[in-house]
Amino acid sequence: MKANRLIYLPLGGAGEIGMNAYVYGYGPEDKERLILVDLGVTFPDMDTTPGVDLIMPDMAWLEARKDRLEAIFITHAHEDHIGAVAHFWGKFKCPVYARKFTATIGRLKFDEHGHPKDAITVVEARPDVVKAGPFDVQFVPVSHSIPESSALVIDTEAGRIVHSGDFKLDEKPLVGEAWDANMFQAIARERPVKALMCDSTNVC
Ligand SMILES: [Zn+2]
């Protein structure tokens with residue numbers, strides 16, 4: 001039997017701004033159970049994509065493996081992180097998890113598309129844990145320009161991953177929650193962090 005492995009596959013968002021969509025997988029090769037973090041859109045620009053309304057990530061890889069997709073996690077309600085969830089959900093029909101503000105925005109989109117709003121589950125921040133196949137996922141409040149933005153702590157047998165999402169190191173933000181360095185120190189003390197997937201734009 002093949003050994004379990006932990007995989008990370010950006011379907012969008014890496015090396016570009018917008019349409020964030022990141023797959024994590026854990027299990028034997030080609031049988032990994034999968035989660036998707038964010039599913040956003042990109043807004044076109046007149047120089048490279050004139051006449052286009054919205055640009056979606058290419059979900060063909062994940063659609064071909066949708067029976068292995070455990071859940072979708074949405075870090076925050078900016079369109080480049082949530083904008084394509086309602087568009088693609090009908091192909092996946094898996095549970096979607098988000099904190100309350102993000103879930104509320106997501107449910108409005110689901111309603112527009114005729115999807116059941118209860119497909120989106122409201123999750124409280126850490127220490128609450130969502131179990132999705134081999135993954136234990138916690139939402140960690142971070143400072144950003146929209147309420148209830150979160151990093152994710154993603155635990156598997158292979159180790160702990162911190163997925164930053166969009167964030168800024170603002171301890172007194174006008175909108176949303178403060179950056180809490182102690183929280184991240186506690187996360188690293190609790191269990192060594194195997195990998196940090198860190199957003200690198202200033203704002204989105
Ligand atoms: Zn953002």
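This note covers the overall build and the salt bridges of a predicted model.

1. Overall fold. The protein chain carries five helices and eleven strands. Its radius of gyration is 16 Å, close to the 17 Å that the globule rule gives for 204 residues, so the chain is as compact as a globular protein of that length. Along the principal axes, the C-alpha atoms fill a box of roughly 50 × 50 × 35 Å.

2. Burial and contacts. Buried residues account for 48% of the 204 residues. Take the contacts between residues at least 6 apart in sequence: 60% of them join residues at least 24 apart.

3. Surface and charge. The accessible surface is about 10100 Å². Carbon and sulfur atoms supply 53% of that surface.

4. Salt bridges in total. The count is eleven salt bridges.

5. E32 and R68. These two residues form a salt bridge, with 2.9 Å between the closest N and O atoms. E32 sits in the loop between strand 2 (21-28) and strand 3 (33-37), and R68 in the loop between helix 1 (60-63) and strand 4 (69-73), so the pair ties together parts that are 36 residues apart in sequence.

6. E70 and R33. Here the side chains meet in a salt bridge at 2.7 Å, N to O. E70 belongs to strand 4 and R33 to strand 3; the pair links distant parts of the chain, 37 residues apart. E70 counts as partly exposed, with 23% relative accessibility. R33 also counts as partly exposed, with 30%.

7. E190 and R160. The closest N and O atoms of this salt bridge are 2.9 Å apart. The bridge links distant parts of the chain: E190 is in helix 5 (residues 181-190), R160 in strand 10 (residues 159-163), and 30 residues separate them. R160 is buried, with a relative accessible area of 3%. E190, by contrast, is partly exposed at 48%.

Notes
Residues numbered from 1 in each chain as written. Predicted model: local features only at pLDDT ≥ 70, side-chain atom pairs only at ≥ 80, totals over all residues. Heavy atoms only, no water. Salt bridge = Lys/Arg side-chain N within 4 Å of Asp/Glu carboxyl O. Helix = DSSP H or I, 4+ residues; strand = E, 2+ residues; numbered from the N terminus. Buried < 20%, exposed > 50% of the residue type's maximum accessible area, 1.4 Å probe, protein only. Rg over C-alpha atoms; globule rule 2.2 N^0.38 Å. Contact = heavy atoms within 4.5 Å. Areas by Shrake-Rupley, 256 points an atom, 1.4 Å probe, with all protein chains shown as cover.
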